[in-house]
Amino acid sequence: MSQPDYVGDAEKLFRDAFERLKCDKPTTLPRGTPVSQNNVAKEAGRDPSALRKSRYPRLIRAIQKWIEDNGDAPRARASSASLIKGARAKNRQQQARIEELTKQRDTAMARLVIAEESILDLHRKLQDYKARLGQTDSVVPIRGFPQPTKRGNK
């Protein structure tokens, strides 16, 4: 009995997950996770019991064949050189972010100093004007306006 060529959405998810695990580029599981039926299901975001031989016989055979062919060979792990390369790239990104934040901080501090100088200058000018007019710091109320009444009281 031949199997149909139709591949459903669930089988496509499992096949994509199988390919990612074979290439050691999983999106759900950590890198270096070995290929197995359970891990293929987990990488696909499904329960391992969903990947059954009765439902996906061709896929199960492909997974088992790949494990037989590649299971005894040492797993292609990230070399120390590639790990160092990745760490250096991450460090460069973090260093660039630090430099960007330092520039933003310096710009904000410069604006703050300018604003403080402006406030002090305006305060000095106000004091000069008050001194010329002979005014004090007390507030003189304006007379001749009616006092506000309370509402609700008759």
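**Close-up views of a predicted model**

**View 1. The side chains of R15 and E11 form a salt bridge, 3.1 Å from N to O.** The model shown here and in the other views is predicted. R15 and E11 sit four residues apart in helix α1, so about one helical turn separates them. R15 is partly exposed, at 27% relative accessibility. E11 is buried, at 9%. Side chains of opposite charge can pair when their charged atoms come close. A search of the whole structure finds nine salt bridges.

**View 2. In helix α4 (residues 80–133), E100 and R97 are three residues apart.** Their side chains meet in a salt bridge of 3.5 Å, N to O. About one helical turn lies between E100 and R97. E100 is partly exposed, with a relative accessible area of 39%. R97 is also partly exposed, at 44%.

**View 3. R105 pairs with D106 through a salt bridge, 2.8 Å from N to O.** D106 is partly exposed, at 40% relative accessibility.

**View 4. The largest nonpolar core holds 15 residues.** Those with the most contacts inside this core are F14, F18, V35, V40, L51, L59 and I63. Helices α1, α2 and α3 (57–70) each give two or more residues to it. The largest share, four residues, comes from α1. Leaving out residues up to four places away in sequence, F18 touches V35, V40, L59, A62, I63 and W66.

**View 5. D24 lies in the loop between α1 (9–22) and α2 (37–43).** Phi of D24 is positive, near 60 degrees, in a residue other than glycine. Most residues other than glycine have a negative phi. D24 is buried, with a relative accessible area of 7%.

Terms used
Residues are numbered from 1 along each chain as its sequence is written. This is a predicted model: local features need pLDDT of at least 70, side-chain atom pairs count only at pLDDT 80 or more; totals for chains, interfaces and linings use all residues. Side-chain values use heavy atoms; hydrogens and water are left out. Buried means under 20% relative accessible area, exposed over 50%, partly exposed in between (1.4 Å probe, protein chains only). A nonpolar core is a set of buried Ala, Val, Leu, Ile, Met, Phe, Trp, Tyr and Cys residues joined through side-chain atoms within 4.5 Å. Contact means heavy atoms within 4.5 Å. A salt bridge is a side-chain nitrogen of Lys or Arg within 4 Å of a carboxyl oxygen of Asp or Glu.
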